[in-house]
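Please open the model in a viewer and keep the selection panel at hand.

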Amino acid sequence: MKHVAPHRWADAWTGELPDGEVAAMERHAASCARCAKARDRITRASSQTFPALRAQSSPDIAWDAVRARVHWSLSSTRRAKPKVRPRFVAWLAGAAVVAGGAAVWLHSSARHDEPVPVAARAPVPHVAPRPVVGLVSRLAGDVLFDGLALDARHAFERRIAAGAVLATGEGRVDVQFGDASALSLGAASKLEVRRFDAEQIELAVDGTVDIEVAPRAAGQRFVVIAGGETVEVRGTQFRVVRDAAGVHVACRHGQVAVRDGSGELEVAAARAAFVHTGAAAADVHAEQMSGDDLAQLAAATPVTIPAWRDVDAAASGSTALEIGAVARRAVRVDGVELGEAPLHVRVLPGRHTVEAADHDGHYRRAGWVDTAADKPARLDVRGEPVAAPATPSAAERQRQLHAGIAAHRTQLARCTRAMTKAGVTGLAVDLELGVTATGDVDHLNVDSDLPAATRSCIEDVLHDVRFGPGSAAEWREKLPL
């Protein structure tokens with residue numbers, strides 16, 4: 001038979017092998033000096049060395065150091081991959097039990113203050129956050145971009161990114177940078193875009209800035225630095241004014257936090273706070289805003305275009321509309337008040353209704369303008385707008401209008417339901433209509449002091465009124481709601 005493996009002699013001594021196999025091993029050892037020597041060595045260790053070791057008390061062992069050293073030794077051995085002779089492997093297997101006990105004793109007596117090498121980890125590559133880019137959505141008066149005055153056309157082609165600096169004299173500029181995110185820089189103000197990316201937007205203002213920002217995702221920050229105060233928001237519409245007297249913060253909806261070295265001041269919806277120069281934000285309390293102040297804040301909402309997907313699609317799918325005027329006149333486009341003309345505003349392709357305010361503050365139609373993507377357009381507001389004179393055939397068209405309104409009275413009631421529940425009575429709007437001979441509505445203007453959402457709802461209902469063929473007519477009337 002072949003040589004007997006050393007571990008088989010240990011199994012034989014402990015009685016784990018059958019008698020027949022042990023007898024065959026003994027017969028082989030009688031004629032093989034090598035196997036006889038291995039048998040005697042294993043027998044002595046099992047009968048003499050191990051019982052003596054078991055009788056001794058266990059030494060105090062620093063197991064953390066033992067594990068670290070064993071791990072490092074094994075790792076070094078694997079990396080080196082030494083070639084081991086077959087004869088040495090056989091000897092090592094035979095002495096495994098004895099060597100195990102000795103290894104524990106040797107490691108227990110070793111020094112524990114030697115440093116254990118640690119493999120260096122590969123550095124994780126940093127991925128830069130996606131940059132945010134904005135577009136000018138409204139421009140009036142003198143505005144500087146990075147210290148240079150640009151004409152309106154180039155201003156609407158310009159991309160606003162990190163590092164940009166905007167400044168105004170007797171003017172204002174609005175910048176849209178998301179589907180529901182935009183800012184409006186007031187007159188005599190300066191804005192520095194310090195950071196503009198998906199992780200953080202950081203603006204520094206000296207003057208007045210109105211901001212509407214969509215709710216931030218987890219990990220995103222939006223901060224406005226005004227001198228020593230930092231205003232941070234999650235999603236809201238608010239105003240920050242910084243001047244020599246201090247910092248004024250007003251919040252229309254949502255909530256903002258004003259921070260400085262003293263602590264934090266929270267400003268909730270419909271509240272405002274003023275931190276005087278040299279005062280601590282933690283010592284200031286926000287106060288309730290008046291109805292007039294809230295209305296002024298709502299009127300300062302930055303101008304945006306709908307359905308914003310990204311800056312490239314917004315730039316290629318819109319255009320600049322210039323509204324000229326000899327004298328300053330308040331104007332609105334498609335029912336949205338834009339301030340005093342002359343001004344420029346970004347619009348989508350299509351037909352747009354332009355209205356101008358008369359000396360009583362009532363908006364009257366100034367004209368229509370058709371726009372195409374990436375083709376600037378212009379409309380001049382000339383003279384004092386007057387009410388359209390009623391044509392001889394207006395009476396018949398009025399009867400058709402009233403019949404159509406009666407059929408849609410339920411829809412109109414839905415438009416004013418919130419105001420009616422609040423106890424507001426006597427609601428009415430001034431209508432200016434033009435109907436062609438084929439029955440198409442040539443123009444429909446709704447003039448009222450109602451909220452923009454209510455007025456838009458009423459306009460949608462009136463557009464559903466149908467006129468049949470007949471005489472062309474234009475007229476103006478007051479419609480009770």
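Two strands count as paired if DSSP finds at least two bridges between them. The model explored here is a predicted one.

Begin by selecting residues 428-435, which form strand 25, together with strand 26; six bridges join these two strands, and they run antiparallel.

The three strands make up an open sheet with antiparallel pairing, and their order is 26-25-27. Strand 26 (441-447) and strand 27 (473-480) are the edges of this sheet; each has a single partner strand, so one side of each lacks a neighbour in the sheet. On average, neighbouring strands here are turned by 15° against each other, direction ignored.

Now select residues 394-407, which are helix 10. This helix packs on the sheet and touches strand 25 and strand 27; its direction makes about 40° with that of strand 27.

Continue with residues 452-463, helix 13. Helix 13 lies across strand 25, strand 26 and strand 27, and it runs at about 150° to strand 26.

Finally, display the whole protein chain, which holds 13 helices and 27 strands. Of its 481 residues, 41% are buried. Among contacts between residues at least 6 apart in sequence, 56% join residues at least 24 apart.

Conventions: Residues numbered from 1 in each chain as written. Predicted model: local features only at pLDDT ≥ 70, side-chain atom pairs only at ≥ 80, totals over all residues. Heavy atoms only, no water. Helix = DSSP H or I, 4+ residues; strand = E, 2+ residues; numbered from the N terminus. Axes fitted to C-alpha atoms, helices over the stretch in contact; angles between N-to-C directions. Contact = heavy atoms within 4.5 Å. Buried < 20%, exposed > 50% of the residue type's maximum accessible area, 1.4 Å probe, protein only.
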